Amino acid sequence: MTNASDITTTTGFVSLVGAGPGDPDLLTVKALRLIQQADVVVYDRLVSKEIMGLVNLTAELIYVGKQLDYHCVPQHMINQILCDQAKQGKQVVRLKGGDPFMFGRGGEELELLASEQIPYQVVPGITAATGCSAYSGIPLTHRDHAQSVQFITGHLQPNGQEHNWPALAQKNQTLVFYMGLKQCGYITEKLLQQGLLPTTSCAIVERGTTPNQRVLICQLNELPSLADQAESPALLIIGSVTSLHHQLKWFNC
């Protein structure tokens, strides 16, 4: 698509921007420039207050945050808001926590823009998996622990397609579950059924990369009870790499 800087002031434009996992220092240079130039910022619950404090003071702010089982603005209406604002000739930033194409429904939001021939661009952000693991001292891959990593949604759709649990229960890999707290018992049950050892090391990272970050380490068979004590937003990391946390942690120490 065309760059926003190439669009005339009479033509609307949408920038789908990843805000990263929370620490404003992890914003990309391009993301910072766009939020400081935006006419309208449509933002999510997971965009931190510190990042919102960097937004153009004259920009219109439209909150469309979501929580599990509660969407204050349904997804189809968010899509329409982007379309309508751009048709008014505005420079619109759709600001999303993490990366917009990693369980962020960014593709769904672009489909309507593409069908309406509204110009747009995508600005990637640091996704929660890489941000939270780095700030927790948990390398997602390590020659002695994991030769692969999988990013998985823990938000299972009713009557939706099941995960490939036998593949997820293989050794020498790291599993990262987004939005997995509520389904933690089910996730644990399925992995144990497929042969993953109960003693497999796990981590829950709450509010990753922020001053309130908390990292909880346990074994797989303890994960559901520990999840009951955790608060969203949180990330589940399953695999022996999590055992390196105590040795490699550096943030908030």
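Contact is taken here to mean heavy atoms within 4.5 Å. The structure described below is a predicted model, and its chain is divided into domain 1, spanning residues 13–123, and domain 2, spanning residues 128–248. The C-alpha centres of the two domains lie 27 Å apart, and the contact between them takes 10 residues from domain 1 and 15 residues from domain 2.

An α-helix has 3.6 residues a turn, so residues three or four places apart point the same way. After H7 comes Gly195, whose phi is positive, near 100 degrees.

When residues up to four places away in sequence are not counted, Leu191 touches Trp165, Leu168, Ala169, Leu175, Leu196, Leu220 and Ile238.

Helix H8 contains Leu226, which is buried, with a relative accessible area of 14%. Leaving aside neighbours within four places in sequence, Leu226 is in contact with Ile204, Leu216, Ile217 and Cys218. The C-alpha atoms of Leu226 and Leu181, which are 45 residues apart along the chain, are separated by 9.6 Å.

Cys218, one of the residues in contact with Leu226, itself counts as buried, at 9% relative accessibility. The closest cysteine sulfur to that of Cys218 is in Cys202, at 5.1 Å, which is too far for a bond, given that a disulfide calls for sulfur atoms within 2.5 Å. Cys132 is likewise buried, with a relative accessible area of 5%, and the structure as a whole holds 0 disulfides.

Ser136 is placed between helix H5 (128–135) and strand S8 (148–153) and counts as buried, at 0% relative accessibility. Apart from neighbours within four places in sequence, Ser136 is in contact with Val205, Gln213, Val215, His245 and Lys249.

Of the 6 residues of S1, 6 are buried, so the strand is largely enclosed by the rest of the structure. Phe13, Ser15 and Val17 point one way from S1, whereas Val14, Leu16 and Gly18 point the other way, and burial applies to all of them. S1 is joined to S6 by 6 bridges, the two strands running parallel, and Phe13 stands opposite Gln91 in S6. The pairing of S1 with S7 is also parallel and comprises 4 bridges; here the bridge partner of Ser15 is Gln121 in S7.

Strands S1, S6 and S7 also take part in the packing of helix H1. Within H1 (residues 29–37), Ala31, Leu34 and Ile35 are buried, and, seen down the axis of H1, its buried residues fall within an arc of 95 degrees, so they line one face of the helix. These buried residues pack against strand S1 (13–18), helix H2 (49–52), strand S6 (91–96) and strand S7 (120–123).

Val64 lies between strand S3 (60–63) and strand S4 (66–67), and is buried, with a relative accessible area of 0%. Once neighbours within four places in sequence are left aside, Val64 is in contact with Val42, Tyr43, Asp44, Cys72, Val73, Ile78, Ile81 and Arg94. Asp44, one of these partners, is 20 residues from Val64 along the chain, and the C-alpha atoms of the pair are separated by 5.5 Å.

Terms used. Residues are numbered from 1 along each chain as its sequence is written. This is a predicted model: local features need pLDDT of at least 70, side-chain atom pairs count only at pLDDT 80 or more; totals for chains, interfaces and linings use all residues. Side-chain values use heavy atoms; hydrogens and water are left out. Buried means under 20% relative accessible area, exposed over 50%, partly exposed in between (1.4 Å probe, protein chains only). The arc is that of the directions from the helix axis to the C-beta atoms. Two strands pair if DSSP finds at least two bridges between them. Domain bounds come from an automatic or database domain assignment.
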